[in-house]
Amino acid sequence: MMHRIGVFVCWCGSNIAATVDVKRVAEELGKQPGVVFATDYQYMCSQSGQELIQSAIKEHALTGVVICSCSPQMHETTFRRTVSKAGLNPYMLEIANIREQCSWIHKDKETGTEKAIVLGRAAIAKVQLNAPLKAGETPVTKRALVIGGGIAGIQTALDIAEAGYPVDIVESQPTIGGKMAQLDKTFPTLDCAACILTPRMVDANQQENITIYAYSEVEAVTGFVGNFHAKIRRKARYVDETKCTGCGLCTEKCPQKNVPNEFNLGMDHRRAVYIPFAQAVPKIATIDANYCKMLQEGKCGVCSKICAAGAIDYKQQDTFVEQDYGAIVVATGFRPISMEKFDEYAYSQSPDVVTSLEFERLMNAAGPTSGTLLRPSDGTHPKTLVFVQCVGSRCSDDGRGKPYCSKICCMYTAKHAMLCREKYPDTDVYVFYIDVRAPGKNFDEFYRRAAEEYGVHYIKGQVGKIVPEDGKLKVQASDLLANEQLHIDADMVILAAAIEPNPTARSLATMLTTPMDTNDFFTEAHPKLRPVESATAGIFLSGTCQGPKDIPETVSQASACAAKVMGLLHKDRLVGNPCIAQPDELMCNGCSSCEKVCPYGAITYADKEFRTFEGMKVRRVAQVNPAVCQGCGACTVACPSGAMDLKGFSNRQIMAEVDAICK
Amino acid sequence: MKQENLIDAVRDSSGVNPRKCMKCGKCTATCPAFEAMEYHPHQFVDMVERGKIEQLMQSKGIWNCLSCFACVERCPRNVKPAQLIEAVRLAVIRQQGMNHLKPEQIPELLNPDLPQQAITSAFRKYRK
């Protein structure tokens with residue numbers, strides 16, 4: 001049976017009509033077999049355009065529709081709804097892209113018109129073979145997984161949990177809190193980072209809907225939007241979480257004293273059994289197996305002897321949690337880059353050259369110097385401090401640094417400089433900048449305060465080299481506005497190191513089949529209109545894993561991300577894509593090629609009985625799980641016998657399009 | 001050489017795109033010959049970008065650049081100021097009507113203290 005097809009050619013104002021003779025296209029396509037109605041209109045996507053389509057469907061009893069317009073990326077959903085409201089199956093619609101693939105790329109109207117006719121002809125040939133399709137539905141697991149327990153992950157989890165959905169936070173460190181927990185003060189208000197963060201950490205711990213898996217890692221993720229399945233490795237702490245009271249006695253008595261303390265960036269030491277900081281959540285001790293004498297040599301056992309709760313368990317093994325989730329949030333954060341490729345700044349030669357994050361710890365009351373600013377080399381009070389901005393940021397792509405602006409350095413440097421001058425008015429503070437970028441709310445005022453009220457010397461220029469000599473740091477720099485070369489004898493130098501995504505981000509992106517950019521930041525689905533979703537359905541992005549951002553921006557994005565997750569979890573069922581793979585069991589020889597290429601694990605095999613010339617025979621044939629198949633088409637290409645087909649994009653339909661183009 | 005050709009010659013022979021410069025001044029900060037140059041490395045890059053090549057060619061400072069390549073090594077944008085300076089020096093050397101060495105001049109240059117090889121190579125280099 002031939003379909004009764006209607007063709008609708010859109011002008012898109014002058015977007016199409018300027019280089020395509022739309023009237024001629026409609027006229028020519030009207031002569032095609034099966035076409036009973038053809039017309040053109042200025043804006044098919046407008047309400048009156050849609051009404052035109054709907055009334056034509058009714059008036060001419062159309063069974064198929066071809067719309068020659070913009071890319072299906074733009075309005076396929078609109079037009080599917082349009083035809084559906086007029087009583088047609090939404091999959092009886094085909095769109096011929098005569099804008100992006102035709103009018104926009106041709107200058108000559110004759111060529112453009114010819115091509116538009118050919119594209120329309122192909123769509124008509126395809127729609128002749130279209131069959132009504134119905135999308136399957138899948139249930140939604142109403143639980144979210146948040147990977148990363150920094151401020152981004154905490155905020156996203158809190159918002160989702162408060163909406164009533166259970167959330168699991170997986171954090172690789174023994175405590176949640178992330179980088180913000182290491183900061184001293186926050187710009188531009190100078191409130192104490194711990195004072196504003198730790199209540200949120202406690203909230204997360206106390207919120208009934210949140211489960212925190214600290215010291216854990218996501219091992220594997222399978223499934224698809226609404227139906228993910230994750231395997232979480234809970235690394236052995238050698239401490240029974242259910243018994244440890246967090247009293248901290250073990251962390252005081254452990255005889256292994258010389259373990260570099262990562263919370264203070266290695267500037268002081270902790271014991272082999274430790275709690276990262278006083279407000280850690282969960283407040284449970286962890287034994288560092290690399291340094292514990294009992295675990296390394298089988299001798300010691302001090303912590304076990306003194307633990308009143310009997311929580312120490314040297315035989316503890318990694319355990320695994322398996323859980324279903326409807327949505328996954330990536331909040332893996334950042335770290336400062338290594339300074340090893342910037343040896344002109346003498347970072348490896350002098351302990352008095354520090355990164356900004358190290359400086360945060362040196363200024364912090366819980367830091368290695370208990371908040372008194374002292375030179376790491378000799379413990380004296382520094383008088384002259386030099387801050388160097390853009391260390392490793394805004395570099396060409398020669399592998400030394402990062403091509404992007406790290407965004408937070410201008411502001412935290414202004415904060416550091418201001419705090420120095422405030423606490424120690426006898427200091428001389430220099431900031432070498434390329435540009436001061438302070439576009440946030442109250443940001444420029446903050447930086448100006450550092451310069452105007454606190455007398456920080458802002459110098460436009462870079463530091464060229466630093467040479468440690470006689471207990472001083474000889475800083476050679478340029479002052480571009482004065483066109484001078486400066487030589488400063490500094491006591492301390494603070495490098496604003498660029499930030500980079502957490503190094504585990506790449507393997508996680510592979511696990512989640514989520515795209516990232518060349519700098520390993522996760523890519524959002526649309527840079528303007530879908531900033532917190534990844535291109536992979538059901539995977540959402542929160543915080544600096546998506547790009548450099550400060551705390552206010554991170555928190556806003558984290559809440560936006562939570563809103564998107566709630567929108568998904570609120571649905572009971574998700575309507576799937578009906579364009580999924582379908583095997584022809586009579587042609588399938590059970591070779592497993594399709595199963596091997598399927599990225600979603602949607603294909604299984606079943607033994608079925610078939611009638612043959614020699615009587616009934618059992619054969620192994622492929623079966624597609626319609627809830628899991630995403631319609632990527634990999635199996636249809638892999639199938640050596642041509643048994644696998646994609647609904648809505650069958651081999652016959654595609655060949656018909658090719659034939660129509662070549663006619 | 002015409003002005004445009006000069007700019008092209010300097011850019012071509014150096015392989016440097018001065019537009020990549022973000023004016024951070026790290027080249028000037030790192031330059032050990034800073035005092036000896038009336039135009040400093042960052043100005044140099046800027047002058048090439050603005051096409052002030054002739055002004056640079058007349059500068060004595062270009063001959064004081066040590067070619068230590070510290071600016072090339074440390075430039076965050078991979079601009080290579082030292083290579084630009086070398087290109088300007090080459091432009092001076094290759095100017096028509098300058099630095100010519102004619103065969104008849106050679107006998108008067110012959111000096112017992114000067115290696116003959118130097119005269120020969122100078123002749124090869126500057127005869128055109």
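Two residues are in contact if their C-beta atoms, placed from the backbone, lie within 7 Å. With that cut-off, the contact between the two chains takes 16 residues from chain B and 19 residues from chain A. On the side of chain B that touches chain A, helix α2 (residues 26-30) of chain B gives the most, with four residues. By class, this side of chain B has five nonpolar, six polar and five charged residues. Keep in mind that this is a predicted model.

Now turn to chain A and its open sheet. Five strands make up this sheet, in the order β20-β27-β21-β22-β23 (chain A). The pairing is parallel. In general, strands of a sheet pair through backbone hydrogen bonds, either parallel or antiparallel. At the edges stand β20 (353-355) and β23 (457-460) of chain A. Each has a single partner strand, so one side of each is left without a neighbour in the sheet. On average, neighbouring strands of this sheet are turned by 20 degrees against each other, direction ignored.

Three bridges join β20(A) to strand β27 (residues 492-497) of chain A, and the two run parallel. Val354(A) has Ile494(A), in β27(A), as its bridge partner.

A helix packs on this sheet: α13 (residues 409-423) of chain A. Helix α13(A) touches β21 (384-391), β22 (428-433) and β27 of chain A. The direction of α13(A) makes about 175 degrees with that of β21(A).

Next comes helix α12 (residues 356-363) of chain A. This helix is mostly covered, with seven of its eight residues buried. The buried residues are Ser356(A), Glu358(A), Phe359(A), Glu360(A), Arg361(A), Leu362(A) and Met363(A). What do they pack against? The buried residues of α12(A) meet β20, α13 and β27 of chain A.

The loops of chain A hold some backbone details. Most residues other than glycine have a negative phi, and most peptide bonds are trans. Two cis bonds can be checked here. One joins Phe187(A) and Pro188(A), with omega about -5 degrees. Pro188(A) sits in the loop between β8 (185-186) and β9 (191-192) of chain A. Another cis peptide bond runs from Val281(A) to Pro282(A), with omega near -5 degrees. Pro282(A) belongs to the loop between β15 (273-274) and β16 (286-287) of chain A.

Positive phi values come next. Lys407(A) has a phi near 70 degrees, positive in a residue other than glycine. Its place is the loop between β21 and α13 of chain A. Lys407(A) counts as partly exposed because 19 other C-beta atoms lie within 10 Å; a residue is buried if there are 20 or more. Thr513(A) has a phi near 45 degrees, again a positive value in a residue other than glycine. Thr513(A) is in the loop between α15 (505-512) and β29 (524-526) of chain A. With 14 other C-beta atoms within 10 Å, Thr513(A) is partly exposed.

Finish at Lys142(A). This residue lies in the loop between β5 (137-139) and β6 (144-147) of chain A. Lys142(A) is partly exposed because it has 18 C-beta neighbours inside 10 Å. Leaving out residues up to four places away in sequence, Lys142(A) touches Tyr165(A), Gly326(A) and Leu569(A). How many residues separate Lys142(A) and Gln47(A) in sequence? They are 95 residues apart in sequence, and 37 Å apart in space, C-alpha to C-alpha.

Key. Residues numbered from 1 in each chain as written. Chains lettered and ligands numbered in written order. Predicted model: local features only at pLDDT ≥ 70, side-chain atom pairs only at ≥ 80, totals over all residues. Nonpolar A, V, L, I, M, F, W, Y, C, P; charged D, E, K, R; others polar. Buried ≥ 20, exposed ≤ 12 C-beta atoms within 10 Å, placed from the backbone. Pairing = 2+ DSSP bridges. Axes fitted to C-alpha atoms, helices over the stretch in contact; angles between N-to-C directions.
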